[in-house]
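Take a walk through this model, starting at the surface and moving on to the contacts between its parts.

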Amino acid sequence: MVEASEEHESISNLLKSIDELNKEKQQIISIVSHDIKAPLNRIYALVQLLHMGSETLTTEQQQYLDKIHQVVADGLSMIRNLVDYRNIEYRGIDLHLEEINIKTFVETTVRNFKSLADKKNINISLDANEDAIVFSDNQCLGRVADSLISNAIKFSNEGKDVYVVVKNKETCVLITVKDQA
């Protein structure tokens with residue numbers, strides 16, 4: 001009986017240690033993400049200011065400024081993903097489900113990426129002929145759509161096409177994003 005009690009105590013101590021390590025990991029992620037996000041936000045703001053006066057920049061300087069803007073935006077997105085992952089892991093996911101017209105939603109998302117695509121001379125075509133209502137979390141759906149479309153633009157060569165198609169299926173809505181690389 002003594003062995004079972006010692007084994008139970010040993011397991012209990014291991015579980016406490018694991019719990020403490022998880023809490024410590026959460027704190028480290030929180031501190032690091034905050035400490036990295038602050039300077040990236042400042043760089044992002046400075047890039048925005050430079051964009052306002054970009055008419056005095058050469059084409060090469062404008063291209064470098066655009067690259068800095070994209071790198072900083074990607075870094076902030078990675079931090080946001082890390083924080084979201086930490087929050088989901090720690091508290092679970094808190095969805096705010098609502099009815100969303102998927103055609104309108106995707107049209108807006110594509111329109112938001114038009115200027116980025118134009119900078120790379122990329123044409124985004126959208127085929128979304130039917131209205132369809134989905135029940136989803138607007139923010140989560142937006143993050144997925146943003147990620148797919150921005151990656152298609154980012155990894156496509158200049159002058160290529162990106163195709164976004166929305167199809168209303170019997171039991172779901174299918175959204176596809178295809179690039180020409």
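Which residues gather in a patch of negative charge on the surface? They are Glu 3, Glu 6, Glu 7 and Glu 9. Keep in mind that the model is predicted. Glu 6 belongs to helix H1, which covers residues 2–52. Its relative accessible area is 52%. Glu 6 therefore counts as exposed, since the cut-off is over 50%.

Lys 23 pairs with Asp 19, with the closest N and O atoms 3.5 Å apart. Both residues lie in H1, 4 residues apart, or about one turn of the helix. Lys 23 is partly exposed at 47% relative accessibility. Asp 19 is partly exposed too, at 39%.

The structure holds 4 salt bridges. Another one joins the side chains of Asp 66 and Lys 119, at 3.6 Å from N to O. Asp 66 sits in helix H2 (residues 59–91) and Lys 119 in helix H4 (residues 114–119), so this pair ties together parts that are 53 residues apart in sequence.

Lys 154 forms a salt bridge with Asp 74, at 3.2 Å between the closest N and O atoms. Lys 154 is in helix H5 and Asp 74 in helix H2, so the pair links parts 80 residues apart in sequence.

Helix H5 spans residues 138–154 and also holds Ile 153. Ile 153 is buried, at 1% relative accessibility.

Now the strands. S4 (residues 161–168) and S5 (residues 173–179) pair antiparallel over 7 bridges. A hairpin of 4 residues joins S4 to S5. Asn 168 has Val 173 in S5 as its bridge partner.

Definitions and conventions: Residues numbered from 1 in each chain as written. Predicted model: local features only at pLDDT ≥ 70, side-chain atom pairs only at ≥ 80, totals over all residues. Heavy atoms only, no water. Patch = residues over 30% accessible without salt bridge, like charges linked within 9 Å, V, L, I, M, F, W, Y side chains within 5 Å. Areas by Shrake-Rupley, 256 points an atom, 1.4 Å probe, with all protein chains shown as cover. Lys, Arg positive; Asp, Glu negative; His and termini not counted. Charge placed at Lys NZ, Arg CZ, Asp CG, Glu CD. Helix = DSSP H or I, 4+ residues; strand = E, 2+ residues; numbered from the N terminus. Buried < 20%, exposed > 50% of the residue type's maximum accessible area, 1.4 Å probe, protein only. Pairing = 2+ DSSP bridges.
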